[in-house]
Amino acid sequence: MSKKYLFDNPRNVKILLILLFGGCLALVIINFFVHKHAHFSWEEWSGFYAAYGFVACVGLVLAAKFILRKIVKRSEDYYD
Amino acid sequence: MINVIPPGLIFIIGAFFVPLLKGRVQSVYLLLLPVLSFVNLIYISEGTHGVISFLDYQIIFCRIDRLSLVWGYIFHIIAFLTILYGINMKKDNEFMAGLFYAGCAIGAVFSGDLISLFCFWEMMTIGSVLLIWARKTRKSINAGFRYALVHFFGGVILLVGIILYSYENGSIEFGYIGLSGLGSYFIFFGFGVNCAWPFLHSWLTDAYPESTILGTVFLSAFTTKTAVYVLARSFPGTEALIWIGTLMTAFPIFFAVIENDLRRVLSYSLINQVGFMVVGIGIGTELSINGTAAHAFAHILYKSLLFMSMGAVMYRTGKINATDLGGLYRTMPLTCIFCIVGAASISAFPLFSGFVSKSMVMSAAADKHLIITWFTLVFASAGVFHHSGIKIPFFAFFGHDSGIRTKEAPLNMLIAMGIAAALCIFIGAFPATLYNILPFPVDYVPYTMSHVMSQLQLLMFSALAFTLLYLSAIYPSEIRAINVDIDWLYRKGASGFLWLLNNPLAWFGNQVKTTVFITIPQAFVWFSRNPLVALKVAGNNITIALFEESFTKEKVERIRTRIAEVLTDYPGDAIRYSHVGTTVIWAMGFLLAYLIIYIVSGRIAL
């Protein structure tokens, strides 16, 4: 059988995912103990950046997939 | 008097000697050129040199100040790294075009007047078109032509602007211009074409991915960043730029998410990153201009690094579409790591270069309370992480296993990528070095707990969003397809225009031609063969048409038969025979008429 690489083992993928989820959780917790230096009032809300980042990315992907792709997708030989 | 070697000249002249050299000598020569040019640059003192008089104008080839130096430094660094990256490929033509192109960009950055700027500007277009054509596929040749058309169009607009501006102001000095007067608007627009403003941007995403492995790395560094420099020089604080830049940061990320060609994904994110710089110019404070310069410096490094890593993938696998790639971390681990460094830098992770540069622009926007812009920039920061930070490394090196088992990239490519990656981390970890060369004194501190935390939150939760979307299979799967962009207008528009010419317009032209040159003259010829009979036929036809109802059927039939008979042996006997007496009477009648006219007119005259 061919050589096994790092992420061929599902356990390693799992570790990576746990690190990501754990990291997110840790950030949310640390967030409460950090003094925020903010330009705008909403920047001081707990987890503003986390929520905005998450919502922005989901919105971005959904908009790109369901709206933009519907409009602009063409076959690869469209211009030929 | 020229008492210095203008920066850029070493590249431009050096380019022409490339094909004369072979093998090792050529490699050494290529690597020495940027070093030599750099040494020349740092030994020129700040100020204006290389001034020559041309007609009534002062042409300034060498204006060294803190703004132009930032671009000068990074252009030299990236030219060196790009050459190192491509040195194993032995492509004389690409090195020639690339050196020429880089030299012209450097020349443009250091030119102190609009005439020499314009010359370098146009020469850059030539160099870059040659780089696109170097791939020698039908697609790249077509893309090169489109690129050339767009840029020469922009160049003509710029030239018009320069002529108007110099007429209005009596000076061709290239300094602050600002939006006042017709000429300045033309110049603004001409710069905008090269800066890939929204709706003017598709030359970039169209052509860059069609160039060669080396060509795209060259291209990614110079054209747009030169445009950013000239805008920062001549239009700082122009409010329109804030909105243009804001739009630039936002719209390309949507395209990048659904794009299959990974180098095209990078091209879209290039526009997004240039958007941050344009916003910085638009805000126009010392902090924001510093931010623009710092971001240009950092961006050139990590963007080239990303293009280099994708080029290395292309070099080893011959493929670049996300659908064909995946799982390459197994056999190209170093390229993968360098790519991730570039991805982390463009995403502005703390300790990577984007973090210390992009945040200056965002702070400047917040200082001015530009709420919409600020929200868009944060959105774009999350978005760029999403498509450049995650999508590029994930789909090339991880994701589904494409089954491709190849070799690691060649040593020289690894060294070039390694240096670029090291610089990205160095700038991120020790921003003072970069801040020291910025145009204005910096009192900006990127590493505050609050800033690091908010940026980490933004990025980690973007990553979380990607992971959850990917695991739940909502993330748009890569599809073998292309996405039309604004270039549709001229790509389909041009063929539509040709269709219009070839079909309706050509038909109309033919109709006009046959009518004017055939049908009408023939009718006249026919008529003149026997006008009297022709008139009679016409009269009969009109009579029938008008009085058909009131005539009896027989009468109508009779007239029709007569017309048919006459037409059968038309023109028939065209000569009308009559008695001599009739002629005499006519002649007498005319003489009488003359007499009357003579008498009457005589009376009136009296």
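**Close-ups of chain B and its partner, chain A**

**View 1. A strand pairing across the two chains.** In this predicted model, A:Arg74 sits opposite B:Ile482, a residue of E3(B). Strand E1 (residues 73-74) of chain A and E3(B) run antiparallel and are joined by two bridges.

**View 2. The side of chain B that touches chain A.** Here 37 residues of chain A are in contact with 39 residues of chain B. On the chain B side, at least two residues each come from helix H10 (239-258), helix H14 (353-367), helix H15 (371-397), helix H18 (449-471) and strand E3 (482-483). H18(B) gives the most, with 17 residues. Sorted by class, this side of chain B has 26 nonpolar, nine polar and four charged residues.

**View 3. Domain 1 of chain B against domain 2 of chain B.** The domain assignment of chain B includes domain 1 (1-231) and domain 2 (238-475), and their C-alpha centres lie 24 Å apart. Contact between the two involves 34 residues of domain 1 and 40 residues of domain 2. On the domain 1 side, helix H3 (66-86), helix H8 (202-207) and helix H9 (213-234) of chain B each give two or more residues. Take a look at H3(B), which gives the most to that side, with twelve residues. By class, the domain 1 side has 24 nonpolar, eight polar and two charged residues.

**View 4. Helix H21 (residues 553-568) of chain B.** The number of buried residues in H21(B) is zero out of 16, so the helix lies largely in the open.

Terms used:
Residues numbered from 1 in each chain as written. Chains lettered and ligands numbered in written order. Predicted model: local features only at pLDDT ≥ 70, side-chain atom pairs only at ≥ 80, totals over all residues. Contact = placed C-beta atoms within 7 Å. Helix = DSSP H or I, 4+ residues; strand = E, 2+ residues; numbered from the N terminus. Nonpolar A, V, L, I, M, F, W, Y, C, P; charged D, E, K, R; others polar. Pairing = 2+ DSSP bridges. Buried ≥ 20, exposed ≤ 12 C-beta atoms within 10 Å, placed from the backbone. Domains from an automatic or database assignment.
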